[in-house]
Amino acid sequence: MGIFRKMRAMFHEDWCSLCQSEMDVMHKQLFALPDVTVGHYCSHEEPGYFREHLVPVGKKSQIPAGMYACGLHQYRCPQCGNRRTKLTVFLPVREEEKIEEILFFDHGELDGLIYQKDMGFAGFPDANGPDARLGKNGGLRQDSADRKTCGPYGYE
Amino acid sequence: MNSEPLKKKNLLYLLSYICVPIAVTAVCFLLGYLFFRDGGMGAAILFMVPPALSLLWWMFAGKMIFKGKRKNMMRELERSGFTPNHTFDSDGSTVVVDIEHGKLAMLFFWNPFQSYVLPASRISKIWTDDGKTGMGPLAGSSRVSFLFTIDGVRIRVNTFTSNKRWRMDSDYILTGISKADMMAEVLEEAKGRSV
């Protein structure tokens with residue numbers, strides 16, 4: 001395998017890390033993350049957290065505003081059979097997506113979510129449904145406005 | 001619940017907040033001029049302390065009064081059986097929504113001695129303002145807010161403010177829009193449940 005292909009593979013997340021072939025997308029699924037809302041994001045890397053908290057949804061419009069979402073892509077290498085799962089955690093904002101982090105799982109840690117998908121989308125209230133905003137326990141939420149004050153040379 | 005019309009500003013409070021320190025400082029200057037013409041400790045105190053205290057008052061007192069009153073309001077709401085399902089604190093107001101009972105509580109920065117608890121059915125219009133100006137690649141915003149009207153009074157609650165204009169796809173603006181959209185949905189739902 002050429003050294004250049006190996007280098008290029010570093011920048012292609014859908015290329016196999018073992019044989020540098022382009023992998024096929026086996027599954028794609030959108031999930032809502034009802035426990036995480038805008039302004040309250042904290043990073044999680046444990047697959048157990050996602051297995052417990054992700055709820056499959058059919059389309060983005062089912063996710064209420066301010067609620068985080070995850071896009072799951074499962075790749076499989078047609079050459080060596082290597083599998084890789086990509087989980088993109090993002091905040092859907094109208095047509096835009098504010099991406100928080102992209103996680104990779106190489107040992108089938110999130111396979112349970114893909115099988116759960118086949119069970120349908122019964123677990124999540126619709127964005128326009130009566131209980132979409134109350135959460136599971138009719139929870140109490142607190143948010144506040146943000147203020148960003150920049151100096152004369154405050155660039156980011 | 002309050003049935004009186006909504007008042008975002010208490011003019012007496014606003015004027016006294018601005019004018020009382022000025023008046024006190026002026027009186028102190030006058031006393032200093034009349035009684036300590038030759039200088040000394042008295043003159044130093046009368047000429048330096050009131051302006052410094054006035055500045056501190058203008059900078060911090062409003063926020064402290066508002067915070068204190070907000071705490072009081074939350075305690076009172078809890079006692080009255082109001083469920084604060086969603087609370088949003090902004091620089092100019094606090095909005096508390098009881099989605100289950102379709103109620104809304106509000107406190108304004110410039111009217112902190114009067115909190116309002118209203119049925120959400122009194123809201124006539126709810127919308128989000130992303131503050132977008134400019135076109136194409138020059139589009140940007142420095143303020144995002146959600147707005148609603150109650151009895152014809154328009155209430156704007158900022159979710160993001162800045163002294164700089166940000167691109168519409170910047171994290172600050174997207175977060176502000178998301179918060180504003182979320183609160184608009186919360187208010188819509190409370191309105192839908194209100195009797």
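Biologist: In which sense do S5(B) and strand S6 (residues 140-150) of chain B pair?

Modeller: This is a predicted model, in which local features need pLDDT of at least 70 and side-chain atom pairs count only at pLDDT 80 or more, while totals for chains, interfaces and linings use all residues. Residues are numbered from 1 along each chain as its sequence is written, with chains lettered from A and ligands numbered from 1 in the order in which they are written. Strands are DSSP runs (E, at least two residues) numbered from the N terminus, and two of them pair if DSSP finds at least two bridges between them. Here Trp127(B) stands opposite Leu147(B) in S6(B), and over six bridges the sense of the pairing is antiparallel.

Biologist: Which element gives the most to the side of chain B that touches chain A?

Modeller: With residues in contact if their C-beta atoms, placed from the backbone, lie within 7 Å, the contact takes 31 residues from chain B and 25 residues from chain A. The elements of chain B that give two or more residues to this side are strand S1 (86-89), strand S7 (153-167) and helix H3 (171-193), a helix being a DSSP run of H or I with at least four residues. The most, 13 residues, comes from H3(B).

Biologist: How many bridges join strand S6 (residues 141-144) of chain A to S1(B)?

Modeller: These two strands run parallel, and Gln142(A) stands opposite Thr87(B) in S1(B). The number of bridges that join them is four.

Conventions
Contact = placed C-beta atoms within 7 Å.
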